[in-house]
Amino acid sequence: MSPTAAALDLGISIADTEPEIWRDVRVPESTPLPQLHHVIQRAFGWTNSHLYMFVATDPAGDRRLFAGDEGTARELGAESAAG
């Protein structure tokens with residue numbers, strides 16, 4: 001990441017854990033979802049052995065689902081995270 005590139009500081013936590021399990025990461029603003037998935041995997045020490053999905057709200061306030069692979073995206077009526 002270049003020193004002048006816009007970055008996002010993300011606080012990521014695992015739902016319903018006690019105590020809370022969380023990580024803080026910084027990524028370039030332009031990080032594509034598949035790469036963000038790998039950042040999260042690495043931050044938690046995971047081995048990329050599960051499917052993944054991101055849920056987002058677009059500027060119009062509409063909910064968008066992004067699945068990690070084409071097959072899962074089609075099955076769930078989601079968009080592919082790969083673009």
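Author: One caution before we start. This is a predicted model.

Reader: Why is Arg63 called exposed?

Author: Its relative accessibility is 63%. The label needs over 50%. Therefore Arg63 counts as exposed. Arg63 lies in strand E4, residues 63-67. Leaving aside neighbours within four places in sequence, Arg63 is in contact with Val55 and Ala56.

Reader: How many aromatic pairs are there?

Author: The count comes to two.

Reader: What makes the pair of Phe44 and Trp46 stacked?

Author: Take the distance, then the angle. The ring centres are 4.7 Å apart, and a pair needs them within 6.5 Å. The planes stand at 15 degrees, and stacked means under 30 degrees. So the pair is stacked.

Reader: Are Phe44 and Trp46 buried, partly exposed or exposed?

Author: Phe44 has a relative accessible area of 11%. Buried means under 20%, so Phe44 is buried. Trp46 has 43%. That value falls between the 20% and 50% cut-offs, so Trp46 is partly exposed.

Reader: Why is the pair of Tyr52 and Phe54 called edge-to-face?

Author: The angle between the planes is 75 degrees. Edge-to-face means over 60 degrees, so the label applies. The centre-to-centre distance is 5.7 Å. Tyr52 and Phe54 are both buried.

Reader: Which residues make up the largest nonpolar core?

Author: It has ten: Ile12, Val25, Val27, Leu36, Ile40, Phe44, Tyr52, Phe54, Phe66 and Ala81. Strand E2 (21-28) and helix H1 (33-44) are the elements that give two or more residues. H1 gives the largest share, three residues. In soluble globular proteins, nonpolar side chains tend to be buried together.

Reader: What does Ile40 touch?

Author: Not counting residues up to four places away in sequence, Ile40 touches Ile12, Trp46 and Phe54.

Reader: Which residues line the largest pocket?

Author: The lining is Ile12, Ser13, Ile14, His37, Ile40, Gln41, Trp46, Tyr52, Met53 and Phe54. Strand E1 (7-14), H1 and strand E3 (53-57) each give two or more of these residues. About 150 Å³ of space lies in this pocket.

Reader: How does the lining of the largest pocket divide into nonpolar, polar and charged residues?

Author: Seven are nonpolar, three are polar and none is charged.

Definitions and conventions:
Residues are numbered from 1 along each chain as its sequence is written. This is a predicted model: local features need pLDDT of at least 70, side-chain atom pairs count only at pLDDT 80 or more; totals for chains, interfaces and linings use all residues. Side-chain values use heavy atoms; hydrogens and water are left out. Helices (H or I, at least four residues) and strands (E, at least two) are DSSP runs, numbered from the N terminus. Buried means under 20% relative accessible area, exposed over 50%, partly exposed in between (1.4 Å probe, protein chains only). Contact means heavy atoms within 4.5 Å. A nonpolar core is a set of buried Ala, Val, Leu, Ile, Met, Phe, Trp, Tyr and Cys residues joined through side-chain atoms within 4.5 Å. Rings of Phe, Tyr and Trp (its six-membered ring) pair if their centres lie within 6.5 Å; planes under 30 degrees apart count as stacked, over 60 as edge-to-face and the rest as tilted. On a 1 Å grid over the protein atoms alone, a cavity is a set of points where a 1.4 Å probe fits but cannot get out, and a pocket is an open set with protein on both sides within 12 Å along at least five of seven lines; lining residues have an atom within 4 Å of a point. Grid points are joined across faces, edges and corners, and a volume is the space filled by probe spheres set on the points. Ala, Val, Leu, Ile, Met, Phe, Trp, Tyr, Cys and Pro count as nonpolar, Asp, Glu, Lys and Arg as charged, and the others, Gly among them, as polar.
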